[in-house]
Amino acid sequence: MNTADRCDEETAMRTRTTAAFQHATGEKSASARSGWSWGRIRPVAFWATTFVIVFELVAGSVWNLVPIEWVEAQLRHLGYPQFFAYVLAAWQAGAAIAIIAPGLPLIKEWAYAGAFFLWSSAVVSHLTVGDGLRTWGVPLVFGVCAIASWALRPDDRRLPGTCLRRERRTDAGQDEAGPPEARPRAWAVPIGLLVVLYAVSFLTLPAAEAMTYGWAVELGWIDG
């Protein structure tokens, strides 16, 4: 094989290698673009944890407002006065509204802090009287969800000083739409969700009362 033929063969091999590398790189990039990135997972995780804590706050406010026998038995067991249920109901309703509503970053900070204080206090209260995991595990889960929702909240739900802006991605046309809290849809969705959650909480109240009554009997808080 002469020198010219060898050069042609080497050139062809380099060309095939480069094409194969570009093809593999292109497939990897396309896979990365179509796969789940943190930018896509974060809003899903935020809304999932936010829905959990808002639903619990709504249901808790209904249970405390009535109040059902489970609440009364639990307050007696932990040594709290019965009127404390109405105080909790008011603050739970306010926290649910503040957390789900658009904007209001300062009020959201207070609502998240209050929700975490509520559930962490429940954990400590049950541990203090010697209750097991069955009683304090549930408020612990809600407390963790509150921390996750607070940490994952988007920039428009943060105080300016607490916004950790690595890369601010703005969708096309968002500047023309105005701030999130100014759009009617941004308020309509949270209001509609709250109405649905309160309706579900009131409609399922008899079943919830019967279920929690059984729990209270099993725990020995009331006589069956």
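Helices are DSSP runs of H or I with at least four residues, numbered from the N terminus. Trp 110 sits in one of them, helix α5.

This is a predicted model, in which local features need pLDDT of at least 70, side-chain atom pairs count only at pLDDT 80 or more, and totals for chains, interfaces and linings use all residues. Residues are numbered from 1 along each chain as its sequence is written, and side-chain values use heavy atoms, without hydrogens or water.

**Cores.** A nonpolar core is a set of buried Ala, Val, Leu, Ile, Met, Phe, Trp, Tyr and Cys residues joined through side-chain atoms within 4.5 Å. Buried means under 20% relative accessible area, exposed over 50%, partly exposed in between (1.4 Å probe, protein chains only). The largest core has 20 residues; Ile 53, Val 54, Ile 99 and Trp 119 touch the most other members.

A second, separate core of eleven residues includes Trp 70, Leu 75, Leu 205 and Ile 222.

**Helix α6.** Buried residues in α6 include Trp 136, Phe 142, Cys 145 and Leu 152.

Trp 110 has a relative accessible area of 58%, so Trp 110 is exposed.

Notes:
Helix = DSSP H or I, 4+ residues; strand = E, 2+ residues; numbered from the N terminus.
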